[in-house]
Amino acid sequence: MITGGHVVMYDRDAAAMRDFVRDVLGLDGVDVGGGRWFARVPPTEMGFHETDGDGAWEFYFQCDDIEAEVKAIESRGGRCGPRTDRGWGVVCEIEGPGGRRLALYEPRHPRAHD
């Protein structure tokens, strides 16, 4: 039985990214020792889409109200880009440490974990 998933983000400054995810995005987590901290992410779904090119993986943080979440992130020192309506949801980028971009979206489709 599969009981969960584990996403790994490799970064030149993993400590800065960890602090950003914890302090700016506001995710809780657990110290697993050895300088590693694992974020507790909310329920997650995995979509499968056709492509003409090589395959790729993307990760989006989901929220119920993108304007409220952007306001919360910005109140903790984060910077968010403009919102883009893509039909299936409203998306924006969050600027992370070192110019790393993270995606946030408010879906308009049924969620797999509801």
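Does Val91 count as buried or exposed, and at what relative accessibility? Val91 counts as buried, because its relative accessibility is 6% and the cut-off for buried is under 20%. The model that shows this is predicted. Val91 sits in strand S6, which spans residues 89-95. We will come back to that strand several times.

Start with the whole protein. The chain has 114 residues, and 24% of them count as buried. There are two helices and seven strands. From the N terminus on, they run α-β-β-β-α-β-β-β-β. The C-alpha atoms fill a box of roughly 40 × 40 × 30 Å along the principal axes. The accessible surface comes to about 8,600 Å². Carbon and sulfur atoms hold 50% of that surface. The protein carries 14 positive and 21 negative charges. Now consider the contacts with a separation of 6 or more. Residues 24 or more positions apart account for 46% of them.

The largest nonpolar core has 18 residues. Phe20, Leu25, Ile94 and Leu104 have the most contacts inside this core. Four elements each supply at least two of its residues: helix H1 (14-23), helix H2 (66-75), S6 and strand S7 (101-107). Ile94 shows how the core is joined. Beyond its neighbours within four places in sequence, Ile94 touches Phe20, Leu25, Ile73 and Leu104, among others. Its contacts also include Arg79, Cys80, Arg100, Arg101 and Leu102.

Take H1 now. Met17, Phe20 and Val21 are buried in this helix. These residues cover an arc of only 95° around the axis, so they lie on the same side of H1. What covers them? The cover for the buried residues of H1 includes strand S2 (36-39), S6 and S7.

Return to Val91. Which residues does Val91 contact, leaving aside its neighbours within four places in sequence? They are Tyr60, Ile66, Pro82, Arg83, Thr84, Arg86, Leu104 and Tyr105. Leu104 is among the core residues with the most contacts inside the core. Distances from Val91 give a sense of scale. Gln62 is 29 residues away in sequence and 9.3 Å away in space, C-alpha to C-alpha. Gly33 is 58 residues away in sequence, and its C-alpha lies 34 Å from that of Val91.

At 23% relative accessibility, Gln62 counts as partly exposed. The cut-off explains why: partly exposed lies between the 20% limit for buried and the 50% limit for exposed.

Is Arg111 buried or exposed? Arg111 is buried, with a relative accessible area of 17%. Apart from its neighbours within four places, Arg111 is in contact with Glu45, Gln62, Cys63 and Asp64.

Finish with Thr44, which lies in the loop between S2 and S3. Thr44 contacts Phe59 and His113, leaving aside its neighbours within four places in sequence. Thr44 and Tyr60 are 16 residues apart along the chain, and their C-alpha atoms are separated by 9.4 Å.

Technical notes:
Residues numbered from 1 in each chain as written. Predicted model: local features only at pLDDT ≥ 70, side-chain atom pairs only at ≥ 80, totals over all residues. Heavy atoms only, no water. Buried < 20%, exposed > 50% of the residue type's maximum accessible area, 1.4 Å probe, protein only. Contact = heavy atoms within 4.5 Å. Core = buried A, V, L, I, M, F, W, Y, C linked by side-chain atoms within 4.5 Å. Areas by Shrake-Rupley, 256 points an atom, 1.4 Å probe, with all protein chains shown as cover. Lys, Arg positive; Asp, Glu negative; His and termini not counted. Charge placed at Lys NZ, Arg CZ, Asp CG, Glu CD. Arc of directions from axis to C-beta.
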